[in-house]
Amino acid sequence: MSCVALLGLRGPRLLGAAACPPRWGRRHSAGCEPPAGAAVRIGCASGFWGDTAAAVPQLLYGGKLDFLVFDYLSEITMSLLTAAKARSPVLGYTPDFVSSAMAPYIKDIHRKGVRVISNAGGINPLACAAALQEVAKKADVDLKIAVVAGDDLMSEKENLKGAGITDLESGRQFPESIHSMNVYLGARPISRALDLGADIVVTGRCVDSGIVLGPLIHSFGWNRDEFDLLAAGSLAGHLIECGAQCTGGIFTDWHAVPDWHNIGFPIVECSSEGEFILSKPPDTGGLISFGTVAEQLVYELGNPQRYLLPDVTCDFSEVSITEIPGFDGGAVKVHGAKGSPPSTFYKVNATYLDGFRATAVCPVGGPKAIQKGKRTAESILQRTRLIFSQLGYEDYSAVNIQVLGSEDTYGPHARRSIDGQGPREAVIWLAVHHKQKEAVEIFSREIAPAGTGMAPGLTGIVGGRPRVSPVLKPFFFYYPKSNVQINLFLNGQHVETFEEDLTFTSDAVVPSDPPKISSELKDLPSGPHTYRLEDLAYTRSGDKGNSANIGVIARHPLYYPYLKKTLTAQALENYFLHLLEREKPEEQLVTRYELPGIHGLNFVLKNSLGGGGIASLRSDPQGKALGQMLLDFQIKNVPDLKSLIE
């Protein structure tokens with residue numbers, strides 16, 4: 001078959017010319033160099049463990065894909081998988097990937113030649129691959145299943161204890177009771193597995209964006225020093241790794257997003273030159289626009305000029321997002337990512353055991369529901385503390401009482417009821433932490449008696465008696481890449497030890513310039529108008545450990561100077577002071593970064609999540625609602641901004 005005929009097999013591409021098969025890159029092909037603008041299509045069918053099963057058929061049958069990727073892992077998920085493997089050596093991966101995402105469609109995946117990459121391996125990628133092999137065998141399809149292993153550092157635990165390692169966030173010393181340690185691997189081992197002919201690549205812990213960058217490196221042969229291209233591929237991965245979050249999911253203007261039940265999952269179509277278009281399958285719900293994609297750009301972002309990844313250090317501050325007219329459901333073109341050398345270190349996420357926890361969630365109805373809920377929670381704690389003292393147990397390490405419906409999480413910004421009675425429905429959120437499991441079990445048993453011996457209107461316990469679970473706290477540190485051995489397996493056999501090339505790396509400290517107040521901001525005209533932030537901007541928030549970030553994107557470029565002037569780091573710290581935990585006097589807890597490419601700001605709120613993840617006793621341990629809370633922030637003493645854009 002001629003090269004021209006091969007190029008025509010996949011049908012039309014958004015970026016223009018049809019593409020060579022994905023294994024042929026601009027440097028790897030012999031006699032069939034892909035034309036300028038040739039593209040690779042990658043769809044993401046999962047943004048977390050538990051995502052919808054509707055994504056796979058949508059992308060497989062309507063996406064015209066070269067690669068299908070699945071992102072399952074977060075710090076919380078790794079903690080859960082670690083606990084699962086402790087119960088059984090054949091667990092520790094996400095079983096949904098095997099049973100729900102792959103098994104029903106594996107014949108069609110094979111028939112269409114779509115190659116799959118997933119971090120579903122968790123802390124047991126070889127077991128995940130073995131389960132996939134059984135599925136392939138039952139379906140009578142011949143698939144090469146590769147495993148990228150080597151992220152697990154538990155064998156080094158004793159060596160690391162005396163190495164003076166401290167946590168990147170808190171500065172705490174290396175814990176004694178380490179439960180798991182996993183390196184965030186990069187994209188090159190995935191690329192190498194694809195080079196070796198893998199149809200499916202299963203990894204353990206890797207950076208989320210690596211599952212997209214890996215196939216792009218494989219397809220286009222991007223070199224280790226082509227940092228702008230690597231940054232562009234990492235940006236493509238960053239945008240789609242959370243699935244529907246970039247196609248209208250959790251969008252500020254949620255009311256403008258149609259057909260949530262059939263929301264489209266994202267597809268990036270990438271060229272060898274690093275430009276890409278983000279779209280979704282036809283005839284699906286959701287929305288792709290500047291706003292939906294810009295929100296995802298700032299999701300879980302720190303310093304946008306120093307986004308550290310194993311393969312490249314990215315600068316996303318000047319990235320631009322342009323809507324493309326004429327596409328059903330929308331499409332955008334994204335470009336402007338810049339890259340520089342990565343460091344010689346990997347980031348490591350460790351977890352350590354720190355006692356036990358349980359959470360009771362109880363609806364309560366009737367007049368003065370909030371007051372009844374608070375007194376009930378306080379009385380349960382009083383009773384259990386009395387039992388503790390009788391049995392010789394210590395007090396709780398931490399407790400958290402919230403009455404959902406009272407706007408407790410808003411602190412001083414809560415809206416109070418006009419009649420003083422408050423809502424007639426509320427939900428008690430009572431969470432506790434204790435060093436001893438037996439003490440938490442006492443707490444768990446003492447929730448139900450409140451239904452007969454305390455406030456009227458307590459309707460039940462959501463989920464039944466509270467479950468006692470171990471608290472696995474995160475601990476982050478850096479570890480030399482040269483000390484990590486990465487092994488590649490193909491169909492259960494070890495085929496290669498991957499050698500990380502450190503030629504194009506740098507550990508130079510880049511000084512951060514303090515933000516400058518431009519004359520443009522000083523000379524901004526004032527006026528009598530006040531706006532809610534939602535009138536002028538989109539917001540999105542996320543988490544990293546015990547820190548949260550809130551991205552704010554101007555709805556129009558002319559609003560941006562007013563946002564920059566009003567939304568200072570100090571203004572955000574004052575607004576969220578009731579949620580921040582200061583460990584040192586005069587400690588700066590909020591840092592602001594700018595993204596002029598999308599007319600955006602990014603705020604990082606340190607110590608804002610009550611420990612974060614499983615360690616947090618709060619109802620919002622990942623900061624998901626912080627961006628929504630900020631929408632009520634008042635932008636005061638400004639001109640009629642709406643008239644500026646009419």
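A residue is taken as buried when its relative accessible area is under 20%. By this criterion, helix α2 (residues 55-62) of the predicted model contributes Ala55, Val56, Gln58, Leu59 and Leu60 to the buried set. Lys64, which follows α2, has a positive phi, near 50°.

The protein chain as a whole comprises 20 helices and 25 strands. Its radius of gyration is 26 Å, close to the 26 Å given by the globule rule for 646 residues, so the chain is as compact as a globular protein of that length. Along the principal axes, the C-alpha atoms fill a box of roughly 80 × 65 × 50 Å. Buried residues make up 54% of the 646 residues. Among contacts with a separation of 6 or more, 76% are between residues 24 or more positions apart. The accessible surface amounts to about 27,200 Å², and carbon and sulfur atoms account for 52% of this area. The chain carries 61 positive and 69 negative charges, whose mean positions lie 4 Å apart.

Across the whole structure, 27 salt bridges were found. One of these joins the side chains of Arg192 and Glu496, with an N to O distance of 2.8 Å. Arg192 belongs to helix α8 (residues 188-195) and Glu496 to strand β19 (residues 493-498), so this pair ties together parts that are 304 residues apart in sequence. Both partners are partly exposed, with relative accessible areas of 28% for Arg192 and 21% for Glu496.

A salt bridge is also formed between Asp632 and Arg532, whose closest N and O atoms are 2.8 Å apart. Asp632 is located in the loop between α19 (626-630) and β25 (634-638), and Arg532 in strand β20 (residues 529-532); the pair therefore ties together parts 100 residues apart in sequence. Asp632 is partly exposed at 22% relative accessible area, as is Arg532 at 28%.

In the salt bridge between Glu581 and Arg618, the N to O distance is 3.7 Å. Glu581 lies in the loop between α18 (569-575) and β23 (590-595), while Arg618 lies in the loop between β24 (600-605) and α19, so the parts tied together are 37 residues apart in sequence. Glu581 is partly exposed, with a relative accessible area of 39%, whereas Arg618 counts as buried at 17%. Through shared partners, salt bridges also join Arg415, Arg532, Glu534 and Asp632 into one network.

How values were computed. Residues are numbered from 1 along each chain as its sequence is written. This is a predicted model: local features need pLDDT of at least 70, side-chain atom pairs count only at pLDDT 80 or more; totals for chains, interfaces and linings use all residues. Side-chain values use heavy atoms; hydrogens and water are left out. Helices (H or I, at least four residues) and strands (E, at least two) are DSSP runs, numbered from the N terminus. The radius of gyration is taken over C-alpha atoms; the globule rule is 2.2 Å times the number of residues to the power 0.38. Buried means under 20% relative accessible area, exposed over 50%, partly exposed in between (1.4 Å probe, protein chains only). Contact means heavy atoms within 4.5 Å. Accessible areas come from the Shrake-Rupley method with a 1.4 Å probe; for residues, only the protein chains shown count as cover. Lys and Arg count as positive and Asp and Glu as negative; His and the chain ends are not counted. The place of a charge is taken as NZ of Lys, CZ of Arg, CG of Asp or CD of Glu. A salt bridge is a side-chain nitrogen of Lys or Arg within 4 Å of a carboxyl oxygen of Asp or Glu.
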